Amino acid sequence: MVSKKEIRDIVLDIRKSFDESYLNTLSQIICKRVINQEEYRECKDIVLYMPINNEVSLDLILEDAFKNNKNVWLPRVREKKMEFYRYTKDTKLITGAYNIMEPDSDDILVPDDKTLIIMPGAAFSDNLGRIGYGGGYYDRYLSVHRCCKTIAVCYNFQIMPMVPMDEHDVKPDMIITNDNIFKG
């Protein structure tokens, strides 16, 4: 059996090998698919992430969320714990854990059933398996805040026939790629 780390390393190497403009085109397709989902249209709080290392860019979702007066939240990591902080057009971004930009905000999300979390990852399976980056941040957050709806976004080449899952791993409700939508 191939380990999560081996799968993660292989997929991330493949993702890094692609041209950024090509991935931006795919990101726009993925974002439009997210915006068309009922889960997105009905949410009042949308949690996004700041993409790194050729992750799916969420610029279109961010623009649409602001245009439709949704509350936008971004992750901030402190001492092995991730929380989500309010992000507005006026919020300053600062370099945080893992050199990822984080909102300089004190307004912390109190999630409810109108909260939608858009989550990244390294590799996925069509039965909603997800391999993150090894920190377990989303798994820990979602195991406590089960009311949140979740959509993972990735490129087609990140979908595997199967990925190893541990007992504590939390599957997203949906995975959206540039060609497919997988639901439970």
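This is a predicted model: local features need pLDDT of at least 70, side-chain atom pairs count only at pLDDT 80 or more; totals for chains, interfaces and linings use all residues.
Residues are numbered from 1 along each chain as its sequence is written. Local features need pLDDT of at least 70 and side-chain atom pairs 80 or more, while totals for chains, interfaces and linings use all residues; side-chain values use heavy atoms, without hydrogens or water.

Start with helix α2, residues 20-35. Helices (H or I, at least four residues) and strands (E, at least two) are DSSP runs, numbered from the N terminus. Helix α2 has 16 residues and spans 22 Å from first C-alpha to last. That is close to the 22 Å expected at 1.5 Å a residue, where the expected span is 1.5 Å times one less than the number of residues. Buried residues in α2 are L23, L26, S27, I30, C31, V34 and I35. Here buried means under 20% relative accessible area, exposed over 50%, and partly exposed in between (1.4 Å probe, protein chains only). The buried residues of α2 pack against α1, α3 (38-42), α4 (59-67), β6 (115-119), β9 (149-153) and β11 (174-176). Contact here means heavy atoms within 4.5 Å.

Now the aromatic rings. Rings of Phe, Tyr and Trp (its six-membered ring) pair if their centres lie within 6.5 Å; planes under 30 degrees apart are stacked, over 60 edge-to-face, and the rest tilted. The count comes to seven aromatic pairs. One of them joins F66 and Y87, a tilted pair at 6.1 Å centre to centre with 35° between the planes. F66 sits in helix α4 and Y87 in strand β3 (residues 81-87), so this pair ties together parts 21 residues apart in sequence. Y87 counts as buried, at 13% relative accessibility.

F84 and Y141 are edge-to-face, because their planes stand at 75° with ring centres 4.7 Å apart. This pair links distant parts of the chain: F84 in strand β3 and Y141 in helix α5, 57 residues apart. F84 is buried at 0% relative accessibility. Y141 is buried too, at 4%. Elsewhere, ring pairs link F18, Y22, Y155 and F157 into a cluster.

Last, the largest pocket. On a 1 Å grid over the protein atoms alone, a pocket is an open set of points where a 1.4 Å probe fits, with protein on both sides within 12 Å along at least five of seven lines; lining residues have an atom within 4 Å of a point. The largest pocket holds about 650 Å³ of space, taken as the space filled by probe spheres set on the points. Its lining has 31 residues, with Y133, G134, G135, Y137 and Y138 nearest the centre. Elements giving two or more residues are α1 (4-17), β2 (71-78), β8 (130-131) and α5 (137-144). Helix α1 gives the most, with four.
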